[in-house]
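The sequence and the structure come next, and notes by topic follow.

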Amino acid sequence: MNNIPQLPVSSWIDKFVDWLASFEGFFNAVTNFIGGIINGFQWIFDLLPIWLFMLLVVGCTYWLNRKTKHWTLIGFEIVGLLYIWNQGFWRDMTQTLTLVLTSSLIALVIGVPLGIWMGKSKVFETINKPILDFMQTMPAFVYLIPAVAFFGIGMVPGVIASVIFAMPPTIRMTNLGIRQVPADLIEAADSYGSTSWQKLFKVQLPLAKSTLMAGVNQSMMLSLSMVVIASMIGAMGLGNKVYFAVGRNDAGGGFAAGLAIVILAIILDRITQAINRSKIPKS
Amino acid sequence: MTAKLEVRHLTKIFGRRIPRAEELLKAGKSKAEILKSAGATVGVNDANFEVNDGEIFVIMGLSGSGKSTMIRMINRLIEPTSGEVLIDGENLTSLNKKQLLDVRRNKMSMVFQNFALFPNRTIIDNTAYGLEIKGVDKDERLKKSHDALELVGLHGYDNQYPTQLSGGMQQRVGLARALANNSEILLMDEAFSALDPLNRKDMQDELLDLQENLHKTIVFISHDLNEALRIGDRIMIMKDGEIVQTGTPEEILTQPADDYVERFIEDVDRTKVLTASNVMIRPTFVNIDKDGPRIAMRRMVENEISSVYVVNNQREFIGVVDASHVMSLIKKKERKLDSVIQKNVPTTSPDTPITDIMDTISSTPIPYAVVDDQNHLLGIIIRGAVLGAISGNEVGEDE
């Protein structure tokens, strides 16, 4: 065994990363762009008074569930947000929310078209599946290293790492949704002379919508799970509080911040699920 | 009659080694041999037929006979391997993508077995789909769709969703969607097969009613011979991707091309397709303007019958006289038959299905007189001929 030389995988990847680093201009542009989105979200959240933020969340939940009143959920949201405010985590919460929303948004914008492409092309699906498996199973910490190299430290590399880790469900579920559209509906659309775009926007996407939204919901939850990891490279927010608590062996502080993440996760999950709820009556 | 749709040498082979399969097919190998040596399945082999303007053309066959492949090649949902499809003389197989879209948008509309309604669209939006795709503006397409829904008898469901409707109603929507498009050709793929028998019959009647006014050219796929015979102007029977026989329902029933077709028609309810003209026989008659009692008597004796039909110079049907009355006239030395003519003879038109007159035939002693719209006597129907026809025997004068 010892006679077989070790494959220099790590040095290959180092070389590749070094080579990528020569595209500094490109990475700077990406950093500025994502930084812009982050700052935009953060600016809005900083501007919103706490009571108005709470009102928006509760109002949103109420309106989305107007047919099936969810008073327990609304009660939970009020109590949960008051808890976060009470613990002094408000700004951290909005920073985490910014990270999650930015990475979900990017995952959506990149993932949905890729998913559609996969849904329409068998070849692209075959190529992409192992890549998606790779993205999801590679320990998320590993993404941090090149992310820092290219995007520095702070929120931006955190968002990048979250996007890579969280995007696969959106792509997969979009692909699945497109492929699940019954064959006779596709035939019907074709037989009336729909172009590919008409077929996509009038038939495939509307019918794939709920599957697609389930993917978006999953992506959002995954990017939320990245917040603690992202805090290792300087992303601010609730994750940072947890990370510090780990460093100081502070169980109380860790749980207090962890609970805030749980509350945020539940609110995000319930709201995106409510958006997803179909308005078409079942027979 | 002009051919609206022509299919020439249309062939479809599924699989990978298509050129090899085509060679084998040309060499006259069977489907099974081709599957074995080229790994390709022959869907449709060298189909040739024409569909006339305004007729209902039924393509009939069991599953696997290639009928679904055939209808999908007509609008190129399935690309033919070789051969031509001509609509109004225009070859569809040579059209580019854009031209094909135009043909699909304007020339033909399809109705599907499982309705294929879009579950995310309301009934009116489903109906308007074809128009929407074409870019017809909203007011106009909603109006046209509404009219199409009225035409198929759906009132007040415009804003419901497909899942809220029963199967029969959903297929009405499917039909309305095709009609709203106002294309001349309707492709109906087992359109009524998913419906229960009563609904199916209703829809068949409805289609026939609509067709009376609309005169569409309809290609209708079915696996049900009764349905084919009921609605088809002509029927094409397919087996294993090949055309076995093409003809009118009568031709199919009376001259089945081979054992396969014969087995098919064995269990058809013949009363549904046979009309009065199929079973009528030539009557013995006298001309009231010319013939007297003695001639009438002679005709009866000649033909060994006890009554004779009476017409006038224009061959218009008047009634019937029987032997005993004619005898009494002869004894009284009368010259005219007028006084003894019985006028309460049941009459029927040549197109009346036998089912409609069965009951009366079995309960009245006098045979039906078959008359056309000018009241000309065409023939008569005797009980024996009806029973013979239903049991599948040749209908002849000697019965």
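The model is a predicted one.

- Helix H1 of chain B spans residues 18–26, and its buried residues are Ala21(B), Leu24(B) and Leu25(B).
- Viewed along the axis of H1(B), these buried residues lie within an arc of 100°, so they line one face of the helix.
- Pro19(B), Glu23(B) and Lys26(B) are exposed residues on the face of H1(B) that is turned away from the buried side.

**Domains of chain B**

- In the domain assignment of chain B, domain 1 is made up of 3–107 + 183–268, while domain 2 covers 276–390.
- The centres of domain 1 of chain B and domain 2 of chain B, taken over C-alpha atoms, are separated by 45 Å.

- Arg72(B) sits in helix H3 of chain B, which runs over residues 67–74.
- The relative accessibility of Arg72(B) is 10%, and the residue counts as buried because the cut-off for buried is under 20%.
- Apart from neighbours within four places in sequence, Arg72(B) contacts Glu187(A) in chain A. In chain B, Arg72(B) is in contact with Leu77(B), Ile78(B), Met110(B), Phe112(B) and Asp189(B).
- Asn106(B) belongs to helix H4 of chain B, residues 97–106.
- With a relative accessibility of 40%, Asn106(B) counts as partly exposed.
- Not counting residues up to four places away in sequence, Asn106(B) touches Lys134(B), Ser183(B) and Glu184(B).
- From Asn106(B) to Arg172(B) there are 66 residues in sequence and 20 Å in space, C-alpha to C-alpha.

**Chain A as a whole**

- Chain A has 13 helices and 0 strands.
- Read from the N terminus on, its elements follow the order α-α-α-α-α-α-α-α-α-α-α-α-α.
- Along the principal axes, the C-alpha atoms of chain A fill a box of roughly 65 × 65 × 40 Å.
- Chain A has 283 residues, of which 47% count as buried.
- Among the contacts in chain A with a separation of 6 or more, 78% are between residues 24 or more positions apart.

**Annotated spans of chain A**

- An unreviewed UniProt entry lists residues 93–272 of chain A as "domain: ABC transmembrane type-1".
- In the model, residues 93–272 of chain A are 88% helix and 0% strand, and the end C-alpha atoms of the span lie 18 Å apart.
- The UniProt annotation "transmembrane region", from an unreviewed entry, covers residues 43–64, 96–119, 140–167, 220–239 and 251–268 of chain A.
- Residues 43–64 of chain A are 91% helix and 0% strand, with end C-alpha atoms 26 Å apart.
- Residues 251–268 of chain A are 100% helix and 0% strand, with end C-alpha atoms 25 Å apart.

**Aromatic rings**

- A pair of aromatic rings is described by the distance of the centres and the angle of the planes.
- Over all chains, the structure holds 16 aromatic pairs.
- In the pair of Tyr62(A) and Trp71(A), the ring centres are 5.9 Å apart and the planes are at 45°, so the pair is tilted.
- Tyr62(A) counts as partly exposed, at 39% relative accessibility, whereas Trp71(A) is exposed, with a relative accessible area of 55%.
- The rings of Trp117(A) and Phe124(A) form a stacked pair, because their centres are 3.7 Å apart and their planes are at 15°.
- Phe124(A) counts as buried, at 14% relative accessibility.
- Phe26(A), Phe27(A), Phe150(A) and Phe151(A) are linked into a cluster by ring pairs.
- In chain B, Arg177(B) lies over the face of Phe118(B), 5.3 Å from the ring centre.

Definitions and conventions:
Residues are numbered from 1 along each chain as its sequence is written. Chains are lettered from A and ligands numbered from 1 in the order in which they are written. This is a predicted model: local features need pLDDT of at least 70, side-chain atom pairs count only at pLDDT 80 or more; totals for chains, interfaces and linings use all residues. Side-chain values use heavy atoms; hydrogens and water are left out. Domain bounds come from an automatic or database domain assignment. Buried means under 20% relative accessible area, exposed over 50%, partly exposed in between (1.4 Å probe, protein chains only). Helices (H or I, at least four residues) and strands (E, at least two) are DSSP runs, numbered from the N terminus. The arc is that of the directions from the helix axis to the C-beta atoms. UniProt positions are given in the numbering used here, feature names are shortened, and annotations may be inferred rather than shown by experiment. Rings of Phe, Tyr and Trp (its six-membered ring) pair if their centres lie within 6.5 Å; planes under 30 degrees apart count as stacked, over 60 as edge-to-face and the rest as tilted. A charge sits over a ring if NZ of Lys or CZ of Arg is within 6 Å of the ring centre and within 35 degrees of the ring normal. Contact means heavy atoms within 4.5 Å.
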